[in-house]
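Please look at the sequence and the model shown below.

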Amino acid sequence: MMNPSKDYYHILGITRSAEPKDIRKAFRKLAMQYHPDKLEALSASVSKDTFLEIQEAYQVLIDPKNKAAYDYARYLQNPMRKQEPQIHSIEDIVAFSKKIRVSVTNSDPFRTDRDILFFEISSFLSDRNIAILKTESNESINYSIVQNILSAAELLPLFMAEQIITRLEFFFGHQPEIQKNIRIFQTESKRRNYWNRYKVVIAAAVAILFCLSLYLSGRQ
């Protein structure tokens, strides 16, 4: 069972950006080291507890859904997050959406933690916050908030961005201007995703064609 109070990454000696192959490698190494059958009888009880923790960490982190749930639970427990001002009004919601956008705008895109950003936006789009917005149902305010969120979400990979899009459409899709901007954002997210996926192949193809053209022109 998942326990967000435990640091599974620390237990396995890996970083949060570790890929499945790295998780498996770390688990195999530690499993060999701490398996009760490998150690002396006197330390068997200690090694058994350690081995069970290693197993628990591995079973959570190797499964993408369990890992995402664990990371989100850890995010919610973050003491820094609990110190943030609570949202109680529409003004608070507008201010917080601006804070997310400005934070992303001023950050280094290569150093931004996408998971944390996704969790932050997801928490912001909670049922409670949306219920506060619905008390006034101001289209202008809704438009401003959605624009702030879409701007911040530009750094998210497609599978995360689409979850945010689904959430926004559910609550604000009835407003034509917002729906239009959500669709534009979705199209741009897909375009960025395809470019990031195939840019190495495209660059290699261009380089090959360039070299080939130089070779052919040299023979003429």
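The axes of helices α8 and α10 come within 12 Å and cross at roughly 30°. An axis here is a line fitted to C-alpha atoms, for helices over the stretch in contact, and angles run from 0 to 180 degrees between N-to-C directions. Helices (H or I, at least four residues) are DSSP runs, as are strands (E, at least two), and they are numbered from the N terminus. This is a predicted model, in which local features need pLDDT of at least 70 and side-chain atom pairs count only at pLDDT 80 or more, while totals for chains, interfaces and linings use all residues. Residues are numbered from 1 along each chain as its sequence is written, and side-chain values use heavy atoms, with hydrogens and water left out.

**Helix packing**

Two packed helices are described by the angle between their axes and the distance between the axes. α8 and α10 are therefore roughly parallel to each other. The cut-offs are these: angles under 35 degrees count as roughly parallel, over 145 as roughly antiparallel, 65 to 115 as roughly perpendicular and the rest as oblique. The crossing of α8 past α10 is right-handed; a crossing has this name if the near helix is turned clockwise from the far one by less than a right angle, and is left-handed if anticlockwise. On the α8 side, the contact (heavy atoms within 4.5 Å) is made by Asp127, Ile130, Leu133 and Lys134, and on the α10 side by Arg167, Phe171 and Phe172.

A second pair consists of helix α6 (residues 90–105) and helix α9 (residues 139–152), which pack at an angle of about 25° with their axes 8 Å apart. That angle makes α6 roughly parallel to α9. Here α6 passes α9 in a left-handed crossing. The residues of α6 that meet α9 include Ile90, Ile93, Val94 and Ser97. Among the residues they meet in α9 are Ile141, Ile145, Asn148 and Ile149.

**Salt bridges**

A salt bridge is a side-chain nitrogen of Lys or Arg within 4 Å of a carboxyl oxygen of Asp or Glu. By this rule, the count comes to ten salt bridges. Three of them are listed here.

| Salt bridge | Closest N and O atoms |
|---|---|
| Asp115 and Arg16 | 3.2 Å apart |
| Asp71 and Lys67 | 3.3 Å apart |
| Arg167 and Asp127 | 2.6 Å apart |

Arg167 is partly exposed at 28% relative accessibility, and Asp127 is exposed, with a relative accessible area of 54%. For these words, buried means under 20% relative accessible area, exposed over 50%, and partly exposed in between (1.4 Å probe, protein chains only).

Arg16 is partly exposed, at 27% relative accessibility.

Asp71 and Lys67 both lie in helix α4, four residues apart, about one turn of the helix. Asp71 is buried at 6% relative accessibility, and Lys67 is buried with a relative accessible area of 15%. Elsewhere, Lys6, Glu53 and Glu56 are linked in a network of salt bridges.

**Aromatic rings**

A pair of aromatic rings is described by the distance of the centres and the angle of the planes. Rings of Phe, Tyr and Trp (its six-membered ring) pair if their centres lie within 6.5 Å; planes under 30 degrees apart count as stacked, over 60 as edge-to-face and the rest as tilted. By this rule the model has nine aromatic pairs. The ring centres of Tyr72 and Tyr75 are 6.1 Å apart and the planes are at 20°, so this pair is stacked. Both residues lie in helix α4 (residues 64–77), three residues apart, about one turn of the helix. Tyr72 is partly exposed at 28% relative accessibility, whereas Tyr75 is buried, with a relative accessible area of 10%.

The rings of Phe118 and Phe119 have their centres 6.0 Å apart and their planes at 55°, so that pair is tilted. Phe118 is buried, with a relative accessible area of 11%, and Phe119 is buried at 6% relative accessibility. Tyr72, Tyr75, Phe118 and Phe119 form one aromatic cluster.
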